[in-house]
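User: I would like to go through this model with you. Could we begin with the overall picture and then turn to individual residues?

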Amino acid sequence: MGIVAGLDSSSAFTHIVVCDTDTGAVLREGYAAHPVDPKAAEVDPQAWLLSLGEAATGGLLEGVQAIGVAAQQHGLVPLDHQGNLVRPALLGNDKRAQVAAADLVDGLGGRQAWAEAVGAVPQAAQPVAKLRWLARTEPELAQRVAAVLQPHDWLVWQLLGRPARRTTDRGAASGTGYWSAREAAYRPDLVELALGRQAALPEVLGPADAAGTTPEGLLISAGTGETMAAAFGLGVGVGDAVVSLGASGSVMAVHHEALADPTGMITSFADATGMHLPVVHTSNAVRALRGTAEMLGLAGLDELSELALKSTPGSSGLVLLPYLEGERTPDLPHTAGTLCGLRRESMKPEHLARAAFEGMLCSLADALGVLRDRGVEVRRVFLLGAAAELPAVQALAPALLGTQIVVPQPAQYAALGAARQAAWALGVSQGALDARTPPVWREASAQVLEPGDELPVGQAVRQQYAATRDQIHPGAFDPAG
């Protein structure tokens, strides 16, 4: 038996799990908040190290042989020739690069050109857009940029003592906007398009590779982005999709190849195992539930869930298109939500409550359909987020998403995925594991929900929703529309 650690440095905290290498059983845990505003758009990366040090106190890492690092995605850490910070790191929630992203789309010849180049159309969050923003708004600082890293890359580099070699992994690299998951290669021309010149990029490691060993003999694995680490920690494979219920939503699935999507609805990430993670985002998920609860004067989502279950499938004809903040899937950035089907008999609180749940889940089913239409196999869906525990979500999701639903017990899946990667790299370095096959850890405890006899009812609700969507927004899912 060996002992490994995985750390997740998110936008707000560092969480560390110490695990048994053979089973994945969690032996110890550590936690510390970052000493910064979690909503900040930029930060001194030293805050991540301070949080890491606090989380690891009390002998937490005693006996640990290897560490894996997962971190928030889409951050940009610009360094000068000496490896010092040019400016504070730009974080994924920084929206200042929206115009820069649009400029880049035009600069390469449109959305399809980007989809074919790197599997994603630039968004404000991505490092490639941040580089363009930096070049346009802080040109003197941009001239000093000699190398660029992401948060996970920077943390690994710091743990190794800032060696000359800087590394990343294919998962994190696939979110930059200048690395192609399909070609497994950087596109330096896109860095130059964004920054105006070249910059040094970290070496992309394979899933079971080690980034290096500390002077104390601690092996550091390749690390990865939070999304990829969470998928690895959950243990998802081909045939699995993960639906995340936050204020916004996302649907990702494990697939054997990268997908180039000219509509821009699919972002083609690489995963932490050598496979691919096509992701489709929605701008609205739980925010539609919270808005409905406030509209009905309810105390929270538990009351909304209880009220919704007093209604019937189809919400007495009410349909809510939950596009409250515009929408990414379908591409309707400037639209608003729509409530249709108002009749005297449908104007009851319980019908509006159910329409909110049905609208959210049907919107996510639309996102899932984008992947299925591109040949992605989906046999079961993992449902993540606090809202996944709501009785109304669990009652409606199997039929509306049209497949088996797995609701995992809440856990630090990104940290667990980082620890599993550390165990893989450690096993390969010792000759105990194959670089093509990750360690098999116990599956997460979960509820399993089946659509059963409710599947035809769910299909009818989906048809009602789709008819309303297509009437209000004709051609929204048509690439030529």
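**Overall picture and local detail**

Analyst: The protein contains 15 helices and 24 strands. Please bear in mind that this is a predicted model.

User: What is the radius of gyration, and what would a compact globule have with 481 residues?

Analyst: The radius of gyration is 23 Å, and a compact globule with 481 residues would have a value near 23 Å, so the two agree. Along the principal axes, the C-alpha trace spans about 70 × 50 × 40 Å.

User: How much of it counts as buried? And what about the accessible surface?

Analyst: Of the 481 residues, 57% count as buried. The accessible surface comes to about 19100 Å², and carbon and sulfur atoms contribute 51% of that area.

User: What share of the contacts comes from residues 24 or more positions apart?

Analyst: Taking contacts with a separation of 6 or more, 71% are between residues 24 or more positions apart.

User: Let us move to helix packing. How do α11 and α12 cross?

Analyst: The axes of α11 (residues 301-308) and α12 (residues 349-373) come within 7 Å and cross at roughly 110°. Angles of 65 to 115 degrees count as roughly perpendicular, and α11 and α12 are therefore roughly perpendicular to each other.

User: Which residues meet there?

Analyst: From α11, the residues are Leu304, Ser305, Leu307 and Ala308; from α12, they are Pro349, Glu350, Ala353, Arg354 and Phe357. By class, this contact of α11 with α12 has six nonpolar, one polar and two charged residues.

User: Staying with helices, which residues of α9 are buried?

Analyst: In α9 (residues 226-234), the buried residues are Met228, Ala229, Ala230, Ala231, Phe232 and Leu234. Gly235 follows α9 and has a positive phi, near 80°.

User: And Ala194, where is that? Is it buried or exposed?

Analyst: Ala194 is located in helix α8 (residues 188-195). Its relative accessible area is 2%, so Ala194 is buried. Setting aside neighbours within four places in sequence, Ala194 is in contact with Leu104, Val128, Leu131, Arg132 and Ala135.

User: Now the strands. Where does Ser9 lie, and in which strand? What is it in contact with?

Analyst: Ser9 lies in β1 (residues 3-9). Ser9 is buried, with a relative accessible area of 2%. Apart from neighbours within four places in sequence, its contacts are Thr14, His34, Trp48, Ala70, Ala71, Gln72 and Leu155.

User: I also want to check backbone geometry. Which residues are joined by a cis peptide bond with omega of about 5°?

Analyst: That bond joins Thr329 and Pro330. Pro330 is placed in the loop between β20 (319-321) and β21 (338-340).

User: What is the phi of His74, and what is the phi of Ser316?

Analyst: His74 has a positive phi of about 70° although it is not a glycine. For Ser316, also a residue other than glycine, phi is positive and near 55°.

User: Where are they found, His74 and Ser316? Buried or exposed, His74 and Ser316?

Analyst: His74 is in the loop between β5 (66-71) and β6 (77-79), and at 17% relative accessibility His74 counts as buried. Ser316 is in the loop between α11 and β20. At 28% relative accessibility, Ser316 counts as partly exposed.

Technical notes
Residues numbered from 1 in each chain as written. Predicted model: local features only at pLDDT ≥ 70, side-chain atom pairs only at ≥ 80, totals over all residues. Heavy atoms only, no water. Axes fitted to C-alpha atoms, helices over the stretch in contact; angles between N-to-C directions. Helix = DSSP H or I, 4+ residues; strand = E, 2+ residues; numbered from the N terminus. Parallel < 35°, antiparallel > 145°, perpendicular 65-115°, else oblique. Contact = heavy atoms within 4.5 Å. Nonpolar A, V, L, I, M, F, W, Y, C, P; charged D, E, K, R; others polar. Rg over C-alpha atoms; globule rule 2.2 N^0.38 Å. Buried < 20%, exposed > 50% of the residue type's maximum accessible area, 1.4 Å probe, protein only. Areas by Shrake-Rupley, 256 points an atom, 1.4 Å probe, with all protein chains shown as cover.
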